[in-house]
Amino acid sequence: HELRILKANRSFMTHFQITGKNIEGSHLSSVISSDSARILNEIFVTPLNSGTSFIEKETVLETGENEKRIFVARSSIINYHSMAGKTVLLTMYDITQEKFFEQQREDVINFVSHELRNPLANLFLFTELMQDDPGNVEENVQYLKKMTANLNRLNNIVRELYDSTKAGAGQLQIQKSVFPVEELIEEAIDTVRMIYRSHEVIREGRCDVTIHADNYRLIQVLTNYLTNAIKYSPDASKVLVRSDKDPKKVIISVTDYGRGIAGDKIPYLFRRYYRTESTIEGIGLGLYLSSEIVKAHKGEVWVESEEGKGSTFYFSIPY
Ligand code: ADP
């Protein structure tokens, strides 16, 4: 079949970056890349050859230099009974963006279920161990402690997922009260010290101011910074928590001596689901939520990091 273009709409022209050309009467291959033309030609001719009135096919086409997009292309014969030759109409839907979102959703489901599996497996293991020897109080107390840690992990994942859907919809609840900054710092450090024994948490500076803020949420932010600092510095033995104030705001920071973060990745850290690696447990929501919580207080989050040396994560809260 020698197919010639009778007409193409503007959307086709812009999508395939065809400018200033009259393409009516041309062959497809003279207006779009030869690979794309070959694929489209095949879709065009299928109904002519097969005797069906239309076909629909998902396909990837090159729309410009180094640019590929995903389409659903539907080809149908529109003048079946014409003597002059048949006309085929090709309708194309660009579904690249939908595919991207679909893939993103699938990725999220994948790693969330992966993250849930691990603590669940541990819980099963410890209940089994306890059933094996119910009378062994000393061992069972240890198992119960480990079970609590795993329940904490599960609880965090579920809370982060829930909060992130709320934050995404701009509905993160903030309940403000007045309290000393030091109180929130102490509370977060206490919690982290109880859960992680691997690192010493060192306190620097002091900030004798009270703030009007959501105590629980800010503890969540600092706990997240601290947990990350410990998680991403497995070979180090300490992390630092600093607090400073200037005339308008308090600045709280957490420093670690871990792997650090490459400069080109830093702009993405606070994005939802962003992770630089997949080997360490986590779902990439902690920093996103932290930044949403701090933003809801009109504060700021930022980070300084040097690869191989460590990182300092900051947040500020106006007072
Ligand atoms: P999670 O830890 O659950 O993956 P976060 O949102 O808390 O999610 O962190 C996002 C990503 O930022 C992490 O996956 C990690 O790659 C990077 N990151 C966070 N904190 C640190 C840190 N202290 N040192 C190095 N990388 C970090």
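Strands S7 and S8 (residues 249–256) run antiparallel and are joined by seven bridges. Strands here are DSSP runs labelled E of at least two residues, helices are H or I runs of at least four, and both are numbered from the N terminus. Two strands count as paired if DSSP finds at least two bridges between them. The model is predicted: local features need pLDDT of at least 70, side-chain atom pairs count only at pLDDT 80 or more, and totals for chains, interfaces and linings use all residues. Residues are numbered from 1 along each chain as its sequence is written, and side-chain values use heavy atoms, with hydrogens and water left out.

S7 and S8 form a hairpin, with three residues between the strands. Serine 243 has isoleucine 252 of S8 as its bridge partner. S7 (residues 238–245) also pairs with S5 (residues 200–204), in the parallel sense, over five bridges. There, arginine 203 is partnered by valine 241 of S7. S8 is joined in turn to S10 (residues 310–318) by eight bridges, and these two strands run antiparallel. Lysine 249 stands opposite proline 318 in S10.

These pairings belong to an open sheet of five strands. Its order is S5-S7-S8-S10-S9, with mixed pairing. S5 and S9 (300–306) stand at the edges with a single partner strand each, so one side of each has no neighbour in the sheet. Neighbouring strands are turned by 15° against each other on average, direction ignored. Helix H5 (residues 181–195) packs on the sheet and touches S5, S7 and S8. The direction of H5 makes about 170° with that of S5. Axes are lines fitted to C-alpha atoms, for helices over the stretch in contact, and angles run from 0 to 180 degrees between N-to-C directions.

The largest nonpolar core holds 45 residues. Such a core is a set of buried Ala, Val, Leu, Ile, Met, Phe, Trp, Tyr and Cys residues joined through side-chain atoms within 4.5 Å. Buried means under 20% relative accessible area (1.4 Å probe, protein chains only). Ile211, Leu218, Leu222, Leu226 and Phe315 touch the most other members. Helix H6 (residues 215–231) gives the largest share, eight residues. A second, separate core of 19 residues includes Met13, Ile23, Leu28 and Ile32.

Overall, the protein has seven helices and 10 strands. Buried residues make up 39% of its 319 residues. Its C-alpha atoms fill a box of roughly 90 × 60 × 40 Å, taken along the principal axes.

Terms used. Buried < 20%, exposed > 50% of the residue type's maximum accessible area, 1.4 Å probe, protein only. Contact = heavy atoms within 4.5 Å.
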